[in-house]
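Please find below my note on the model under review.

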2 protein chains.
Amino acid sequence: MTSFAACLVAVGSEMLTPFRVDTNSLLITERLNAIGFDVRLKAVVADHVDELARVIEGALAWAHLIVITGGLGPTDDDLTREAVARALGLPLYRDEALVEHLRARFARRGLVMSENNLRQALVPRGAIVLDNPHGTAPGLWLERGRTAIVLLPGPPREMTPMFDAAIRDRLAPRTGGAGLYRRVLKVVGRGEADVDAHAQPVYGRWTSQSVPISTTILAVLGQVELHLTAEAASRELAERALDAAVSELQEALGPAVYSTDGRPLEVVVGELLRARSLTVAVAESCTGGLLASRLTDVPGSSAYVDRAVVCYSNKAKTELAGVPAALIQEHGAVSEPVALAMAEGLCALAGTDIGIGVTGIAGPGGGLPGKPVGTVAIAVVLQGTARVRTFQLYGAREIVKAQAVQAAMNMLRLMLLKTDG
Amino acid sequence: MTSFAACLVAVGSEMLTPFRVDTNSLLITERLNAIGFDVRLKAVVADHVDELARVIEGALAWAHLIVITGGLGPTDDDLTREAVARALGLPLYRDEALVEHLRARFARRGLVMSENNLRQALVPRGAIVLDNPHGTAPGLWLERGRTAIVLLPGPPREMTPMFDAAIRDRLAPRTGGAGLYRRVLKVVGRGEADVDAHAQPVYGRWTSQSVPISTTILAVLGQVELHLTAEAASRELAERALDAAVSELQEALGPAVYSTDGRPLEVVVGELLRARSLTVAVAESCTGGLLASRLTDVPGSSAYVDRAVVCYSNKAKTELAGVPAALIQEHGAVSEPVALAMAEGLCALAGTDIGIGVTGIAGPGGGLPGKPVGTVAIAVVLQGTARVRTFQLYGAREIVKAQAVQAAMNMLRLMLLKTDG
């Protein structure tokens, strides 16, 4: 089975500055992979007819599909129509039906269409117009030999539904379901090398299967992701192979795998809490509110997050979480006894089922002898059971904060899993 | 003045999946612009000799500079050396001095070099080897007619210092200081259209100056950014023009401009607090800890952030911030009186100079008659002065949270500026 080769072109000088990347291509790649197109080249091109035409001409030599996003607006900078017409040697004409359609769209909003918008009704001869329910820029579909060329507007809100319609009506029928299908396993609490050492003997075997699966490991903030890609003649074959692959990896990696369907850690933890009607209170120091913020990123989290306190100062630890001043004096603010006292103290004050305490040194300053920057003590108490651990984390302040938050959520998750049986 | 045209090529099949974008090009673009190179095309190419060679051949026809990142590792997938040799029609030979250099690098770490690493000593004839102090992949520098070709390793930690050395020693001397110089103004508390309406009459004049400045407006989470790009024959000329431009915009936009040097809002607010030795306590509901987390992202923020409480439940609002239960009953939890009571209550309990209260509906559920999702009441009390405002924000839960945090920090900033005089 060979897949179909695609070239993605993003048009816009702003994406050639240091300030903006093209992100449309991620969504387009995902959709194309699922119907058997393999993206072989991505290009970002300025708003310039000659330069854009050159890139399109180059891709016509090898691509089965060229997807061009952007440059379909009404201004003089919007030159994708002209560039495509030039690359294909086609004249541009004004599509009067499209003019009327645009005029009617403006009229429905009580507006008069500006002369500029007439540019949006220019169409290379033979092109099919794709409807844009979310904006004025129509899309275009052309074919040249074995190559299909799709022109889409740049704004994701307009691009996505138009592309999905093109996939459904025009592209998917060409490939008959053969394609690349993906699955993501998310792993927390283990390092990248450790995960790979255990996973490689498993995924190493998959490349020579009848449905081959390739595996990529990515280390991201406080977790490791395994991306599996199956190449199969149909969705059904792919999903069957991926289900088996996921099970094998889960067996090899154990409960460190927290998600196989994209759910982030705060959602997984939230579902465990919800299922058992448990409430939680958070006392955090070095994470500065980020743990509470992550937990409450989940819609409906008010059902289980009762409260959180950010107690940076020792005084605040005592006043908000009931940590005895003498305990801080004896062990230091960054210590397991203080983390535990924060968790227990707030839990008792709030009357919740669970208390979490986090205290550490986020840096870049504040390191102490024996407690370098990145030292973080985390305690979780759950209905009489307590766990407390000290982590040594590395990286800039925001990275230490993010990793500490992952570690705390994972401690809670593992305790919830354990007490489940 | 014409600038020099650059083509950036990122090599690596993983950047053609839905999971990863090329970000090296942002840093490279910034550095190149500053010495007069204009990036006209960015390409992402798979680990494939023919495909990569084809892109390089295409760029040789027009680019003064081709920067290729990635594909210089020791594995069979690392094919940039081969592709460049093919595109330029040059033989590859093994550089024995480089072999010795690599072997010595491994030996210093007590390791034996693997046979694979010999691939990293392959050099197209005539290429200059660029030293890599941070890894095994050497960089390469080649010239073909007017075009320079630079090969850099993919990992940013290795790529950046090598590229900076190439800029300093080889590229900057070619352009003599002519280039694109940039400045970013950050604006908060005003919408994109409003900012543009006031800014356009100002920046519209700059394009025809002797040092032309182009302006781009970007709306990002809860703020608007104006990116100014000056094209000048020297850094000195550019900086002079940009200083004048920034002053003009500041005059047109007033105190809504909070930063002209890249500092984020939490840093600007932190500096105002620090300069006047003021302390702050935060009581937040719908933002769930994000306001505290943003304020404490700043190193040294423990000097002015005393504490924060996240009080989702009404009970927590009463217990943690001293909000009278009757007040919540009377006005509802999302109301200006409750926001004010949260700010005042926590400020009194904590004994800080400043109190902030945020209460709202982050969504997607929870909207009330007259109080739709996105309604957020924010109060700031500062040594006897109080401000309270209700905002109507739009977007997904995380977007409402982020915008509410920007709005709260901006209210505090404006109060600090006012009481300054």
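The points below concern confidence, domains and the contact between the chains.

1. This is a predicted model, in which local features need pLDDT of at least 70 and side-chain atom pairs count only at pLDDT 80 or more, while totals for chains, interfaces and linings use all residues. Residues are numbered from 1 along each chain as its sequence is written, and chains are lettered from A and ligands numbered from 1 in the order in which they are written.

2. Within chain A, strand β10 (residues 213-220) has the lowest confidence, a mean of 83, and strand β15 (residues 354-360) the highest, 98. Strands (E, at least two residues) and helices (H or I, at least four) are DSSP runs, numbered from the N terminus. For the complex, the predictor reports an ipTM of 0.80 and a pTM of 0.81.

3. Chain A is divided into domain 1 (4-175), domain 2 (179-259) and domain 3 (265-418), with bounds from an automatic or database domain assignment. Between the C-alpha centres of domain 1 and domain 3 of chain A the distance is 49 Å.

4. How many residues of chain B are in contact with chain A? There are 49, and they meet 49 residues of chain A; contact requires C-beta atoms, placed from the backbone, within 7 Å. Elements of chain B that each supply at least two residues to this side include α1 (24-34), β2 (37-45) and α13 (397-418).

5. Strand β2 (residues 37-45) of chain A pairs with β2(B) in the antiparallel sense over five bridges, where pairing requires at least two DSSP bridges between the strands. A:A43 lies opposite B:A43 in β2(B).

Methods
Two residues are in contact if their C-beta atoms, placed from the backbone, lie within 7 Å. pLDDT is the predictor's confidence in each residue, from 0 to 100.
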